[in-house]
Amino acid sequence: MRLPLLLGSLLLSSGCIVAETRPSRPPPRPPPSRPVAMSYDEAVRRGFDQCRARGYRCELKEAHLTGNNVWKVKMRVDGRGEKGHLHLDYDAFSRQLISVNDKVKDRRGRDWDDDDDWDGPGRGKKKGHAHRDD
């Protein structure tokens, strides 16, 4: 009598273990991280890098973040024969240079690109010239 009880209990106990055959789902991926905006220090560093790339010696005048997520960096250019200012706009998230306002002149007051369209003296109309100069 013991043998059938032992055999029955072994059969019943092995039937209680149930293994799941479905594959388990992987945990959900975390949401993509939001891009981090450029910091004040990074905006200023990029401004100095841009200034050096143009061959200027610059001094920081101002840097601020606008409500449109644009860093406005203003540099004063002074030294080695040039004087003026350089205004740079950077997108705070993509870090792209949006616009550059380069108002730098040499010490004599001429823009660096003024010599490109200078044709020399005596070109153009002036009062008192004869009609053959037209």
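This briefing describes the sheet, a helix, the core and a few individual residues of one structure. The model is predicted. Its 4 strands form an open antiparallel sheet in the order β1-β2-β3-β4, and helix α2 lies across those strands. The largest nonpolar core has 15 residues, and the elements giving two or more residues to this core are α2, β2 and β3.

**Sheet and helix**

- The sheet is open, with 4 strands in the order β1-β2-β3-β4 and antiparallel pairing. Its edge strands are β1 (58-65) and β4 (97-106), each of which pairs on one side only. From one strand to the next, the twist averages 10°.
- In general, the strands of a sheet pair through backbone hydrogen bonds, in a parallel or antiparallel arrangement.
- Strand β3, residues 82-91, pairs with β4 in the antiparallel sense over 9 bridges. Lys-83 has Lys-105, in β4, as its bridge partner.
- Helix α2 covers residues 40-53 and lies across β1, β2 (70-79), β3 and β4. The helix runs at about 140° to β1.

- In soluble globular proteins, nonpolar side chains tend to be buried together.
- Here the largest nonpolar core has 15 residues, and those with the most contacts inside it are Tyr-56, Trp-71, Val-73, Leu-86 and Tyr-90. Elements α2, β2 and β3 each give two or more residues to this core. Strand β2 provides the largest share, 4 residues.
- Val-73, one of the core residues with the most contacts, touches Ala-43, Gly-47, Leu-60, Glu-62, Ala-63, Leu-86, His-87, Leu-88 and Tyr-90, leaving aside residues up to four places away in sequence.

**Aromatic pair**

- The whole structure contains 1 aromatic pair. Tyr-40 and Trp-71 form this pair, which is edge-to-face, with 6.1 Å centre to centre and 65° between the planes.
- Tyr-40 belongs to helix α2 and Trp-71 to strand β2, so the pair ties together parts that are 31 residues apart in sequence.
- Tyr-40 counts as partly exposed because its relative accessibility is 39%. Trp-71 counts as buried, at 7% relative accessibility.

**Asp-89**

- Asp-89 is found in strand β3. Its relative accessible area is 13%, so Asp-89 is buried.
- The Asp-89 side chain makes a polar contact with the side chain of Lys-72, at 3.0 Å.
- Not counting residues up to four places away in sequence, Asp-89 touches Val-70, Trp-71, Lys-72, Gln-96, Leu-97, Ile-98 and Ser-99.

**Loop residues with positive phi**

- Most residues other than glycine have a negative phi.
- Asn-69, which is not a glycine, has a positive phi of about 60°. Asn-69 sits in the loop between β1 and β2. With a relative accessible area of 34%, Asn-69 is partly exposed.
- Arg-95, also a residue other than glycine, has a positive phi near 65°. Arg-95 sits in the loop between β3 and β4. Its relative accessibility is 24%, so Arg-95 counts as partly exposed.

Technical notes:
Residues are numbered from 1 along each chain as its sequence is written. This is a predicted model: local features need pLDDT of at least 70, side-chain atom pairs count only at pLDDT 80 or more; totals for chains, interfaces and linings use all residues. Side-chain values use heavy atoms; hydrogens and water are left out. Two strands pair if DSSP finds at least two bridges between them. Axes are lines fitted to C-alpha atoms, for helices over the stretch in contact, and angles run from 0 to 180 degrees between N-to-C directions. Contact means heavy atoms within 4.5 Å. Buried means under 20% relative accessible area, exposed over 50%, partly exposed in between (1.4 Å probe, protein chains only). Rings of Phe, Tyr and Trp (its six-membered ring) pair if their centres lie within 6.5 Å; planes under 30 degrees apart count as stacked, over 60 as edge-to-face and the rest as tilted. A nonpolar core is a set of buried Ala, Val, Leu, Ile, Met, Phe, Trp, Tyr and Cys residues joined through side-chain atoms within 4.5 Å. A polar contact is a pair of N or O atoms within 3.5 Å; within protein, one must be able to donate a hydrogen and the other to accept it, and residues adjacent in sequence count only if both atoms are side-chain atoms.
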